[in-house]
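Have the model open as you read.

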Amino acid sequence: MSKTKNQRVAYGEELVALGAKNKNVVVLEADLGKSTMSNMFQQVYPERYFEMGIAEQDMISTAAGLAASGKIAFASTFAVFVTGRPYDQIRQSVAIGKLNVKLCGSSAGLSDFGDGSTHQSIEDLALMTVLPNMTVLTPCDATEARQAVRAAAEIDGPVYIRVSRNDLEDYISEEDEFELGKMRVLKEGNDVVIFTFGAMVHESMKAAKKLEDEGISVKVVNVSTMKPFNEEAVVELSKNAKAVVTAEEHTYIGGLASKVALALRKSSIPMDYVAIEDNFGQSARDVADLMEHYGLTDKQIIEKVKNFL
Amino acid sequence: MVKEDVITRLNKTATQLRKDVVLMIGGEGHVGHLGGSCSSADIIAALYFHKMKVDPKNPNWEDRDKLLMSKGHAVIIQYAALAELGYFSKDLLPTLKSFGSILQGHPDRLKTPGIEVGTGSLGQGLSIANGMALAAKLDKKDTKVYCILGDGELAEGQVWEAAMTSANYKLDNLVAIVDKNGLQATGAIEERFNIGSVSDKFSAFGWHVIEIDGHNMEEIIDALDAADEVKGKPVVIIARTIKGKGVSFAENNVAFHNGPLTKEQYELALKELDAELEKYN
């Protein structure tokens with residue numbers, strides 16, 4: 001395994017590893033294998049790799065047929081295309097039928113910065129978590145992405161894995177085993193709890209350190225299982241804190257903010273969120289410009305935390 | 001040449017299946033897809049009671065042939081066949097679409113033995129059948145996947161994505177059957193949304209095309225056998241059919257796409273089908 005910081009490379013390498021272990025692992029792609037890195041699997045196991053052309057709906061239903069025949073079918077393309085375009089196919093055959101189809105939503109969130117609103121998935125988690133029988137994984141770095149891919153192969157039923165386009169800082173060690181539904185505390189603290197996932201983990205950790213320098217103690221929790229969502233853990237980890245803040249690269253509607261708010265519905269603890277408001281994305285030459293514009297940086301997290309103190 | 005006694009047996013079975021469909025819908029005002037079920041009845045009889053390798057005692061038998069109703073609304077004709085074969089008790093047929101029944105309004109693989117996969121949102125079954133055919137090739141299984149589509153369903157774009165996939169992957173272990181009854185829910189297909197020549201389209205997509213009368217048992221069986229001989233490309237059997245076939249007042253009548261039967265209609269339908277069954281005794 002490489003020391004990559006890129007979740008897409010991690011996805012490709014892990015597929016190859018799974019392919020070696022289990023001959024029932026198959027991979028489908030809709031002409032973006034060079035980007036999702038599923039082409040790494042193609043190079044080693046061409047007979048188990050199905051290029052489906054630019055036809056995502058057909059790809060998902062074909063994956064359903066393979067899964068119904070005992071295969072573990074990974075289907076990848078950009079997050080926006082694997083969730084939106086074939087939503088009905090995912091719902092009707094894969095989710096209702098509880099089939100072993102593993103969807104990889106690559107270049108998720110704003111991480112496909114150049115391509116603009118059509119290619120930026122700000123709502124993929126809302127779409128996938130609303131489906132019964134679906135498991136939704138949101139790894140925060142390359143190591144956790146590997147763990148998520150392995151976990152997906154073990155889970156009996158459909159899984160959606162959200163993968164970022166760009167390199168991400170390391171936070172998870174390979175020895176720290178992935179546990180479905182477990183919320184990982186990356187930094188302890190008492191005053192405020194930040195729940196976050198994906199690329200926003202790094203922003204949250206930066207914010208926490210800066211706040212710590214000012215004497216504000218912040219706990220940072222990495223939520224890598226968005227469904228089944230561990231409401232008890234949210235309540236437990238927030239106990240005795242003065243406030244909760246969520247941070248996500250996704251619309252606040254149907255994302256982490258919604259889920260944490262729901263988890264805290266019987267609690268008196270105040271909460272706020274850092275998320276994409278009810279807007280689509282746009283093109284930029286650097287992802288940082290978008291994160292800044294949509295308010296997804298440590299600065300906004302610090303601001304939200306301080307509002308409570 | 002198919003033996004005459006086989007033809008007679010299958011014609012009788014198809015009539016019995018139509019009768020089961022009428023019994024399932026009943027005469028108490030519940031709606032059911034009578035028309036599209038009856039148009040598929042002869043094809044279903046030929047597949048389940050003659051052509052396909054299946055084991056009703058072991059629905060998940062690894063070496064079975066598979067049948068998908070991409071036109072999932074007509075699943076009740078498949079329920080009739082599965083019950084007649086003993087996948088589940090015939091006593092369950094009257095529970096169709098009632099609360100808690102294993103017989104859902106559309107196919108549900110988790111609820112009904114013998115149902116391979118969920119369909120009903122139209123246009124998706126052929127893609128799923130492709131996936132099954134690809135899996136069978138990977139596993140080097142000498143099995144067939146059959147997929148029945150409606151002609152109204154062919155307006156769905158995904159069908160043509162799937163048609164390209166079948167040809168691209170040379171799925172000669174897959175047979176699509178178009179139940180071409182000419183009617184969709186609201187009227188004649190060519191008047192509502194003209195899909196043009198189905199056979200020309202499939203030919204252009206790289207398929208081997210066979211056209212038959214979908215109510216002529218000998219032609220159905222010959223076509224299914226001929227499909228076995230085609231190598232390197234998928235086969236589509238375009239079966240000209242009559243919606244509601246076998247129930248006089250429902251034939252070519254869109255009111256029975258998914259309509260209720262009055263008590264009188266219910267009794268008349270049973271009388272007609274019983275009379276037809278009598279001919280075979």
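Helix H4 (residues 56-68) of chain A packs with H4(B) at an angle of about 45°. The axes of H4(A) and H4(B) are 6 Å apart. The model is predicted. How do the two helices lie to each other, then? H4(A) is oblique to H4(B) because of that angle of about 45°: an angle over 145 degrees would count as roughly antiparallel, and one under 35 degrees as roughly parallel. The crossing of H4(A) and H4(B) is right-handed.

Which residues make this contact? From H4(A) come A:Asp58, A:Ser61, A:Thr62, A:Ala63, A:Ala64, A:Gly65, A:Leu66 and A:Ala68. H4(B) brings B:Ser127, B:Ile128, B:Ala129, B:Asn130, B:Gly131, B:Met132, B:Leu134 and B:Ala135. Sorted by class, the contact of H4(A) with H4(B) has nine nonpolar, six polar and one charged residues.

## The wider contact between chains

Now step back to the whole contact. Chain A gives 25 residues to it, and chain B gives 23. On the side of chain B that touches chain A, two elements give two or more residues: helix H4 (125-138) and helix H5 (157-168) of chain B. H4(B) supplies the largest share of that side, with 10 residues.

What classes of residue make up the side of chain B that touches chain A? There are 11 nonpolar, nine polar and three charged residues.

## A sheet in chain A

Turn to chain A on its own. Five strands form an open sheet there, in the order E7-E9-E8-E11-E12. Their pairing is mixed. Which strands sit at the edges? They are strand E7 (183-187) and strand E12 (271-276) of chain A, and each pairs on one side only. On average, neighbouring strands of this sheet are turned by 25° against each other, direction ignored.

Look closely at one pair. Strand E11 (residues 243-251) of chain A runs parallel to E12(A), and five bridges join the two. A:Val244 stands opposite A:Met271 in E12(A).

## Helices on the sheet

Helix H9 (residues 200-213) of chain A packs on this sheet. H9 touches E7, strand E8 (192-196), strand E9 (218-223) and E11 of chain A. The direction of H9 makes about 170° with that of E9(A).

Helix H11 (residues 256-263) of chain A lies across E8, E9, E11 and E12 of chain A. H11 runs at about 150° to E11(A).

How values were computed: Residues are numbered from 1 along each chain as its sequence is written. Chains are lettered from A and ligands numbered from 1 in the order in which they are written. This is a predicted model: local features need pLDDT of at least 70, side-chain atom pairs count only at pLDDT 80 or more; totals for chains, interfaces and linings use all residues. Two residues are in contact if their C-beta atoms, placed from the backbone, lie within 7 Å. Helices (H or I, at least four residues) and strands (E, at least two) are DSSP runs, numbered from the N terminus. Ala, Val, Leu, Ile, Met, Phe, Trp, Tyr, Cys and Pro count as nonpolar, Asp, Glu, Lys and Arg as charged, and the others, Gly among them, as polar. Two strands pair if DSSP finds at least two bridges between them. Axes are lines fitted to C-alpha atoms, for helices over the stretch in contact, and angles run from 0 to 180 degrees between N-to-C directions. Angles under 35 degrees count as roughly parallel, over 145 as roughly antiparallel, 65 to 115 as roughly perpendicular and the rest as oblique. A crossing is left-handed if the near helix is turned anticlockwise from the far one by less than a right angle, and right-handed if clockwise.
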